[in-house]
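Please open the structure in a viewer and keep the sequence beside it.

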Amino acid sequence: MKQEDPHFEHSRDTEPGEPDKGQESDAPVGGQAEPGERMAAEGTPVGPGERTWRNILRTRWFYPAIYLTAAVLIIALMYAKTAQVWPFAHETPAPAPNSTALDNNNPPAVPVGAQPGFIWPADPSAQVSVSMKNFDDTLSKDAQAAALVKFDNSYYPHHGIDLSAQNGKPFQVLAAAAGKVSKVEDDPLMGKVVEIAADNGYTLYYASLADVSVKPGESVTQGQPIGTSGLNKFEAADKNHVHLEIKKDGQDVNPETLLPKPGTP
């Protein structure tokens with residue numbers, strides 16, 4: 001009697017190319033994803049990373065956080081724009097724009113006899129007075145509103161003071177203190193500019209000049225003419241005037257706290 005090969009029976013039931021019936025397939029049944037994965041609408045498994053992002057998007061704090069971040073960026077850009085407008089900003093940038101010593105009710109301490117002794121920086125016969133004050137938190141609300149400069153549809157607290165003649169005509173501008181001319185330039189917003197380094201750490205910044213009669217490096221005496229008043233684009237509404245800022249060791253000082261009364265030597 002012929003004995004069949006035990007391997008023959010197995011090979012007879014299995015067609016070529018088919019998997020062995022005695023072995024289980026490793027492929028998921030019916031396209032089911034592995035544990036920990038979820039099927040997308042098109043049948044592609046969604047990994048843990050994408051699942052995490054979708055969970056984040058569903059949280060209540062996600063969109064408020066986006067809006068808050070955008071608001072912070074907008075405020076930062078506004079501060080940056082303000083810092084670029086004022087003349088001294090590019091030389092000695094402060095941590096926050098429009099922050100002067102008087103803004104914080106903290107005028108810089110000046111030891112007795114340390115200031116060089118300032119005079120009124122305009123020809124006394126021209127009857128020149130302050131036409132725009134330095135913005136200060138101690139001012140009344142109306143005075144603060146009057147110390148704002150409107151430029152490019154925005155308002156900026158005024159640094160320094162503007163001086164104008166009663167008749168609106170040009171007048172001779174004088175050096176309020178002796179020193180050395182450190183800068184003479186044409187500023188696109190502030191007009192012709194003269195900067196004088198005085199004694200004891202004081203710096204005088206004159207802008208809105210129509211013409212200049214001093215040169216960089218030149219030593220000037222107190223009361224010496226440095227130019228005539230004029231116009232500038234940043235303070236166009238103030239018409240003919242001279243803009244004056246004073247710094248002490250790099251910090252803004254209200255010029256009215258240092259200068260004598262208008263028209264007095």
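For which residues does pLDDT stay under 50 while the model has 15 contacts beyond four places in sequence? Select residues 27-41, which answer this description; pLDDT is the predictor's confidence in each residue, from 0 to 100, and a contact means heavy atoms within 4.5 Å. This is a predicted model, in which local features need pLDDT of at least 70 and side-chain atom pairs count only at pLDDT 80 or more, while totals for chains, interfaces and linings use all residues. Residues are numbered from 1 along each chain as its sequence is written, and side-chain values use heavy atoms, with hydrogens and water left out.

Colour the protein chain by confidence: its mean pLDDT is 75, and 60% of its residues reach 70 or more. Over residues 19-25 the pLDDT is below 50, and this stretch has three contacts beyond near neighbours in sequence.

Next, select Phe135, in the loop between strand S3 (128-132) and helix H4 (141-146). Helices (H or I, at least four residues) and strands (E, at least two) are DSSP runs, numbered from the N terminus. Phe135 is buried, with a relative accessible area of 15%; buried means under 20% relative accessible area (1.4 Å probe, protein chains only). Its C-alpha atom is 5.2 Å from that of Ala147, twelve residues apart along the chain.

Then display strand S10 (residues 202-212). Strands pair if DSSP finds at least two bridges between them.

- S9 (residues 191-198) pairs antiparallel with S10 over five bridges; Val194 stands opposite Tyr206.
- S13 (residues 242-248) pairs antiparallel with S10 over six bridges; Ala207 stands opposite His243.
- S12 (residues 225-229) runs antiparallel to S10, joined by three bridges; Asp211 has Thr228 as its bridge partner.

How values were computed. Buried < 20%, exposed > 50% of the residue type's maximum accessible area, 1.4 Å probe, protein only.
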